[in-house]
Amino acid sequence: MNQLILGAFYDNVNKNVGPTLMWVFFFLMLIELLYVMFKYLGSGDSK
């Protein structure tokens with residue numbers, strides 16, 4: 001039973017590693033974009 005679970009987990013990671021990495025980097029880029037927008041556009045410091 002343990003071998004069956006490990007085999008299913010390996011197949012899931014092996015076949016879905018591309019979309020998983022795409023979503024991870026997409027969300028990281030989205031968080032970084034929001035951070036930069038709030039940092040530079042949200043601040044009221046105008047000289």
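**View 1. Of the 47 residues in the chain, 0% are buried.** Buried means under 20% relative accessible area, exposed over 50%, and partly exposed in between (1.4 Å probe, protein chains only). This is a predicted model: local features need pLDDT of at least 70 and side-chain atom pairs count only at pLDDT 80 or more, while totals for chains, interfaces and linings use all residues. Residues are numbered from 1 along each chain as its sequence is written, and side-chain values use heavy atoms, with hydrogens and water left out.

**View 2. The chain holds two helices and zero strands.** Helices (H or I, at least four residues) and strands (E, at least two) are DSSP runs, numbered from the N terminus. Helix H2 covers residues 17-41.

**View 3. Trp23 and Phe26 form an edge-to-face aromatic pair.** Rings of Phe, Tyr and Trp (its six-membered ring) pair if their centres lie within 6.5 Å; planes under 30 degrees apart are stacked, over 60 edge-to-face, the rest tilted. Here the centres are 5.7 Å apart, with 90 degrees between the planes. Trp23 is partly exposed at 45% relative accessibility, and Phe26 is partly exposed at 36%.

**View 4. Ring pairs join Trp23, Phe26 and Phe27 in a cluster.** The whole structure has three aromatic pairs.
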